[in-house]
Amino acid sequence: GIAEKLGECGVETDNDKTAEQVYTDIDFGPEDNLSRLPDLCLFQILLLLSRNDLDNLKKVSRKMGAIVEEPELRKIKSGGGHLCIFRLPRGHGFELEMGKIKLAENDDREVNSDVVFVYEAEFVKGKGYKHGITERRTTTTISRVEARLHRSPCPKSMFDILEKLLNTRTVDVVRLHSVGLDASLLEGLVSSTMGQSLKELHVLNCKVNATHEDFEKFTNWIKTTRTKKLTVKNTCGLVRSSFLNENFFIEMNGQMTSIDIEASFVQYSKARFHPLRDIIPHLSHFSILNVPSMVVAAEWLGELLMTRLRSAIASYDAGSW
């Protein structure tokens with residue numbers, strides 16, 4: 001128990017005390033058990049805490065505040081964030097919602113913070129961008145009325161603020177809603193979320209005004225963020241672009257597990273591509289693969305099914321199930 005752990009660090013405790021009594025002894029002061037721990041031992045304990053716990057702990061004493069500011073501890077971030085970038089009538093904005101946070105990989109407990117950062121920037125003629133950010137605590141996000149598409153680029157200040165917020169937070173889900181996929185948005189998104197690891201990326205009702213080089217950056221960003229799930233809805237320009245091609249599936253082999261593209265027949269019929277048969281091994285790991293613009297021969301589906309079946313049998317024999 002905790003008494004044994006403290007004993008290993010050189011702190012004397014009464015082994016007959018209950019866990020609750022030992023916890024009571026760990027108070028903060030010049031002679032308390034926790035302050036008597038060697039700094040290295042205390043540092044190893046703090047590495048197991050979440051970002052929220054560390055932020056609270058540094059307010060307890062100067063010693064705790066100094067230790068929490070160590071570079072290794074500052075790397076611990078709040079997790080479980082959902083980021084939504086949306087369009088306003090004359091500008092853009094984002095919502096960063098920090099929801100339930102797991103304490104550790106082997107710990108089923110969660111901390112429900114429900115903190116939402118809302119940033120809005122609108123262009124005022126003759127005055128430039130008027131912007132501001134607010135913080136609130138809620139369990140639901142603000143409902144947005146879809147604004148008409150405009151040519152105003154995403155302001156750099158929006159991504160500068162987002163980058164600062166993400167210095168101590170991690171994002172699991174990114175949602176691009178009704179925005180223009182142009183150079184300003186793609187460059188800002190890449191710079192502000194560098195180092196993040198995404199579970200899901202949703203592109204909804206967006207318009208595309210980007211070059212081939214921009215889409216190469218976008219593809220590299222998806223690869224560096226190790227995005228697992230990609231969903232595209234009502235974004236015909238992205239379907240018709242060179243973004244989804246044979247090389248994309250080869251580069252995402254082993255990383256992405258789900259691609260779901262929703263488009264009308266007219267949209268994907270103009271974006272058809274015919275990959276070579278060599279692409280089959282790169283498709284076998286997908287749990288969801290809905291890409292209407294990709295045209296494959298009927299017999300390839302049987303080969304893909306057999307590849308998935310052999311992989312499942314191998315996993316079962318190896319005891320992975």
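Residues in these legends are called buried when their relative accessible area is under 20%, exposed when it is over 50%, and partly exposed in between (1.4 Å probe, protein chains only). The views show a predicted model, in which local features need pLDDT of at least 70 and side-chain atom pairs count only at pLDDT 80 or more, while totals for chains, interfaces and linings use all residues. Residues are numbered from 1 along each chain as its sequence is written, and side-chain values use heavy atoms, with hydrogens and water left out.

**View 1. Arg277 and Glu303 meet through their side chains in a salt bridge (a side-chain nitrogen of Lys or Arg within 4 Å of a carboxyl oxygen of Asp or Glu).** The N to O distance in this pair is 2.8 Å. Arg277 belongs to the loop between α12 (265–269) and β11 (288–290), whereas Glu303 belongs to helix α13, so the pair ties together parts that are 26 residues apart in sequence. Helices (H or I, at least four residues) and strands (E, at least two) are DSSP runs, numbered from the N terminus. Arg277 is partly exposed at 41% relative accessibility, and Glu303 is also partly exposed, with a relative accessible area of 32%.

**View 2. A salt bridge joins Asp160 and Lys156 within helix α7.** The two side chains meet at 3.1 Å, N to O, and the residues are four apart, which is about one turn of the helix. Asp160 is partly exposed, at 32% relative accessible area, while Lys156 is exposed, at 62%.

**View 3. Lys199 forms a salt bridge with Asp172.** The closest N and O atoms of this pair are 4.0 Å apart. Lys199 is in the loop between α8 and β7 (200–204) and Asp172 is in strand β5 (residues 169–177), so the contact ties together parts that are 27 residues apart in sequence. Asp172 is buried, with a relative accessible area of 18%. A search of the whole structure finds four salt bridges, and the pair of Lys199 and Asp172 is one of them.

**View 4. Helix α8 packs with helix α7 and also crosses helix α9.** The axes of α8 and α9 (residues 212–224) come within 10 Å and cross at roughly 25°, which makes α8 roughly parallel to α9. The crossing of α7 and α8 is right-handed, whereas that of α8 and α9 is left-handed; left-handed means that the near helix is turned anticlockwise from the far one by less than a right angle, and right-handed that it is turned clockwise.

**View 5. Gly93 is a buried residue in strand β2.** Strand β2 spans residues 91–104, and the relative accessible area of Gly93 is 0%. Gly93 and Ala121 are 28 residues apart along the chain, and their C-alpha atoms are separated by 5.9 Å.

Definitions and conventions: Axes are lines fitted to C-alpha atoms, for helices over the stretch in contact, and angles run from 0 to 180 degrees between N-to-C directions. Angles under 35 degrees count as roughly parallel, over 145 as roughly antiparallel, 65 to 115 as roughly perpendicular and the rest as oblique.
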